[in-house]
Amino acid sequence: MAKYIAAIDQGTTSTRCMLFNHSGGVISVHQLEHQQIFPQPGWVEHNPLEIWARTQDVIQGALDKAKVGPGDIAAVGVTNQRETTLVWNPKTGDPYYNAIVWQDTRTKEICDQLAEDGGQDRFRPKAGLPLTTYHSGPKCKWILDNVAGVRQAAGRGEALFGNIDTWVIWWLTGGPNGGAHVTDVSNASRTLLMNLETLDWDDEILEAMDIPHQMLPKIVPSSDPETWGATLKGGPFGDSIPVCGDLGDQQAALFGQTCFEPGEAKNTYGTGCFMLLNTGTTPVPSESGLLTTLGYQMGNEPAVYCLEGSIAVTGALVQWLRDNLNFFENSADVEVFAREVEDSGGIYFVPAFSGLFSPYWKSDARGVIVGMTRYINKYHISRAALEATAYQTREVLDAMKADSGVDLTSLKVDGGMVHNQLLMQFQADILGVPVVRPKVSETTALGAAYAAGLAVGFWDNLDNLRANWQMDQTWQSEMDESRREELHRGWLKAVERTFDWVE
């Protein structure tokens, strides 16, 4: 009998495969980074073929580390960096262009043109999203409009569109030899092309963006017992393991954190930072700069919706200090640097490298460090970089309170940065609520595993998953209210300095 569920977690900077047992414990993990391509300022790309090669490598690595074979795997779930967009030839599997990453800002002109009729919120009533460079639809339009021959290929049925989940699942299930061209509701809701009510592509939006319907993947539930196809014959998983779970990375983390009831929320600290609040089976429009999005859908059950606050740059700021400024060799050393000083020395670092996401949605903003004096050194800058993550999270939480009317009593956290003790303590301080980390902090992969496992009966129901969740550590706020609000006011002043930088 198969003993494990496999999850492929294809993220912004790396790909990993993790194997989980029935109690949600990690059996093995193998992870590899891929290249970040920056052709010009504001542009961010990935090589899709490199990502697929890394995916195959990490699958084999995870199986080898666990000393198990394909027969020990009951099902495969996929989770992914969501809005990252690519278009490829279904006959050959060759991309027509590099994948355009969610952080990329090249589609600002397209978004501005679309906003001339109806403003930035033109499609928000249907899609739940503002017109910004973040989402997949404008990126697809850019490829169609700017890469020679692609629009003609799409007209001939020789171009497929998808986010990275679609790309990975297509290859896992056969690629050019009958691969399933699908995406789940959570990923589809990030394209700006899906109608939140119908859970299908919206013809009016497609016409406005001039995107052919035939190049789009089929939208399916996140956990689908009617599996999309066996895994690739001859690949690391063999040819008989069902691929039957698919969730965008942040929704996967929500699922892995077992936030199944309205009012439950989680925050994931990765390349960016993303807070999701379960709002139940009815979409809740945001008036405070948040996104209305799909959380997940289990088989034929009603879809579950969320409010989301999206922050573009958090862990990526630490990588920037490491790679661009050579502050330290390992990202984990940022905490060592930050502890060299008692505070940030009065500076604020607003990392609007890709503009500002929630709650501002200003693609013309750019990063600033304010409050500089000759007293400031690299240790203060390192501390300010960590604090920036916490401040941005506070802004999102305030917006969620305004939209939902719910006062959060604690915040479940996950992702790579939650092992930074200084950051987690400052996060609790600036929020004024406890911050709770689970024992399995990589809940993105766990959520994808749960979705796949539920589809094949590896887990019976959501109560099984709740029983797996265990607390690892809690940070309580130690900052008095007056100091908290003083620091927050300074942050808001700093954010204003980023506005309208790009003319």
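1. Cys 273 has a relative accessible area of 0% and is therefore buried, a class that covers residues under 20% relative accessible area, with a 1.4 Å probe and protein chains only. The model is a predicted one, in which local features need pLDDT of at least 70 and side-chain atom pairs count only at pLDDT 80 or more, while totals for chains, interfaces and linings use all residues. Residues are numbered from 1 along each chain as its sequence is written, and side-chain values use heavy atoms, with hydrogens and water left out.

2. The cysteine sulfur closest to that of Cys 273 belongs to Cys 259 and lies 14 Å away, too far for a bond. Cys 17 is likewise buried, at 0% relative accessibility, and its sulfur is 14 Å from the closest cysteine sulfur, that of Cys 244, again too far for a bond. With a disulfide taken as a pair of cysteine sulfur atoms within 2.5 Å, the count is 0 disulfides.

3. In helix α10 (residues 315-323), the buried residues are Gly 315, Ala 316, Leu 317, Val 318, Leu 321 and Arg 322; helices are DSSP runs of H or I with at least four residues, strands are E runs of at least two, and both are numbered from the N terminus. These buried residues pack against α11 (333-338), β18 (348-350) and α12 (378-404), where contact means heavy atoms within 4.5 Å.

4. The contact of α10 with α12 joins Leu 317, Val 318 and Leu 321 to Ile 381, Ser 382, Ala 385, Leu 386 and Ala 388.

Note on methods: Buried < 20%, exposed > 50% of the residue type's maximum accessible area, 1.4 Å probe, protein only.
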